[in-house]
Structure formats: C-alpha cells, structure tokens
Amino acid sequence: MSEAALDWIVRVHDDPITLRVYVDHVIEKVLGCRGEEAQSFTREAQAEGHFDVRKRTQDEAEEFAELFQSYGLRTTIVRGV
Amino acid sequence: MKRLRTPKRIRIPDATALGGDVIEILLSHREDAHGLRNLAEHTIELFNTPTEPTMWRLFQTTYDDDPVAEARYVEKTRGRLIARKREDATRAISVFNTGKPGLASFKIRTDRAHALNVLGFLNDARLIMGTRLNIQQGETRRAEIRRFASPDHPDRLPRNRYLFLTHLEFKLLAAVRGAFSP
C-alpha cells in the first residue's frame, strides 16, 4: 500500500504524567511491536511531541485511537495530507 | 468524596513477579492497601462525571478541529471507555481487599490479568492527580520536587500520594513485563 493511500493519522502525544516505560508497554500491546521498535516510537514522541500511525480508513484510525485512549495515552485523529 | 489517609512520608511500595502467573505487591502497611482501595472507589465515582475538568486526560478530545466528528466519536466510544476503566478500578478493589501481613510489610498476591487491571487503575489515578497538581510538560524532576518541597505547600500531601502511585506503577510494570522476574 502506498503512503499516499494512508489518509488518516492516529497521533499519540507525549505528556508529562505518563511513564515512559508505560508508553512502551502500551505500544507493544496496541501495535504488536516489541523492544527497540516500541521504544523508538516513545523516543519520537518525546523528541517531536508525538508519534503518528497512519491508517487507510477513518474506522481503522478510530479503532486504534480508542485502544490507545483506553490505556490512557493522549491520542487525536487528523486527516492526512 | 472519600478522604484518603496519607502518610507524612512516602512509604515505598514494591512489586515482584514470583514466577508462573503470580505477581506480588509489597506495601508497608495494611492501611496502604485500604488507601488504594478507597482511591479506586473514589475514581469509580469520578467516572460518573467525565466532563469534570480534571478528568480531561481520561476523556479527551480526539478530533480537535471537527466538532461533528468529535460528537460522533464520543457517542461511539465513551460508554466502552468508561466501562473498561470502571472494570480496571473494580478489579483493583478486589485485589486490594486481599493480602496478608508479612515481615514489616503487607503482601498482596494476584495473577497477571488482575495485575494489569491494577496497572490500568494506577495509570488513570495518576492522570487525574497529575492534572490536579498541574504537572508540567518539560518540567524537570528536580524542579518538580522543588515546587512541592516546602512543608507548608498546600499540595504537598497530594504530591506524596502521586509519588507513591508513580513508584507502585513503575514497579508493577516491571513485574508484569517480567523485567525483574527470577
């Protein structure tokens, strides 16, 4: 699938309360990645203020946003450009 | 609103993976377990008022620039979100209602599934407390501690509770992730 087809962005924001290791834990649960890969998302959030996960449909984006939010991560959805 | 009994000094909690499916939470005293149970009960009450300002981190805006999409998303997901958080807090209460005194400690043993519920509750409680305490983005830990250092600071006791939960969440995370398991 081309990058251009991924029209919806699930944006997970850095916040001052959530523990970094907890963010790693949630990323592993929601995205199914582990170790260094999960930690790279967490580092990106700390450096950039957020990390993005691109999804093809709005429904899919909402499914992932709801999952991140159920774990307490600050998550928004934006339309990709 | 229930008032929590708060220690004057922070008593450091701990958690360990004992092998198999067993997680042990170590508290200093039985009253720490009572305090955690009371906090979970209070948190469940707060879920009834999700639009209260200090709850915004739990029940957040998802579509910042699209109120129509936001209203639809809230309608679709809010009930499930509250149900899940209520389940975490309710199961945490059942965990904190168990336990027995050990040598200079109060031990609670539970399984990994319930430990994950406790973890969810602890994170929610910290998000609510951290919002009330106005924990700042970019504030260093040293600056944060300095801000609450004065014994006369009105938020000193809530801050101690927040630190207690932070430490317990950190240790429980390590236990459920197997970082320190034998």
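**Entry 1: elements of chain B.** I started by counting helices and strands. Chain B has five helices and four strands. I keep in mind that this is a predicted model. Next I read along the sequence of chain B and wrote down the pattern β-β-α-α-β-β-α-α-α.

**Entry 2: the sheet.** In what order do the four strands of the open sheet lie in chain B? I found 1-2-4-3, with antiparallel pairing. Which are the edge strands? They are strand 1 (14-19) and strand 3 (100-102) of chain B, and each pairs on one side only. I noted one general point: strands of a sheet pair through backbone hydrogen bonds, either parallel or antiparallel.

**Entry 3: one pair of strands.** I picked strand 2 (residues 22-27) and strand 4 (residues 105-111) of chain B. They pair in the antiparallel sense, over six bridges. I then looked for the bridge partner of B:Glu24 and found B:Arg109, in strand 4 of chain B.

**Entry 4: helices on the sheet.** Which strands does helix 1 of chain B touch? Helix 1 (residues 30-46) packs on the sheet and touches strand 2, strand 3 and strand 4 of chain B. Its direction makes about 50° with that of strand 4. Helix 3 (residues 112-132) of chain B packs on the sheet too, touching strand 2 and strand 4. For helix 3, the angle with the direction of strand 4 is about 115°.

**Entry 5: chain B as a whole.** I checked burial. Chain B has 182 residues, and 28% of them count as buried. Then I turned to contacts in chain B between residues at least 6 apart in sequence. Of these, 76% join residues at least 24 apart.

**Entry 6: confidence in chain A.** Chain A averages a pLDDT of 91, and 93% of the residues score at least 70. Where in chain A is confidence lowest, and where highest? It is lowest in helix 2 (residues 35-48) of chain A, at a mean of 92. It is highest in helix 3 (residues 58-70) of chain A, at 97.

How values were computed: Residues are numbered from 1 along each chain as its sequence is written. Chains are lettered from A and ligands numbered from 1 in the order in which they are written. This is a predicted model: local features need pLDDT of at least 70, side-chain atom pairs count only at pLDDT 80 or more; totals for chains, interfaces and linings use all residues. Two strands pair if DSSP finds at least two bridges between them. Helices (H or I, at least four residues) and strands (E, at least two) are DSSP runs, numbered from the N terminus. Two residues are in contact if their C-beta atoms, placed from the backbone, lie within 7 Å. Axes are lines fitted to C-alpha atoms, for helices over the stretch in contact, and angles run from 0 to 180 degrees between N-to-C directions. A residue is buried if 20 or more other C-beta atoms lie within 10 Å of its own, exposed if 12 or fewer, and partly exposed in between; C-beta atoms are placed from the backbone. pLDDT is the predictor's confidence in each residue, from 0 to 100.
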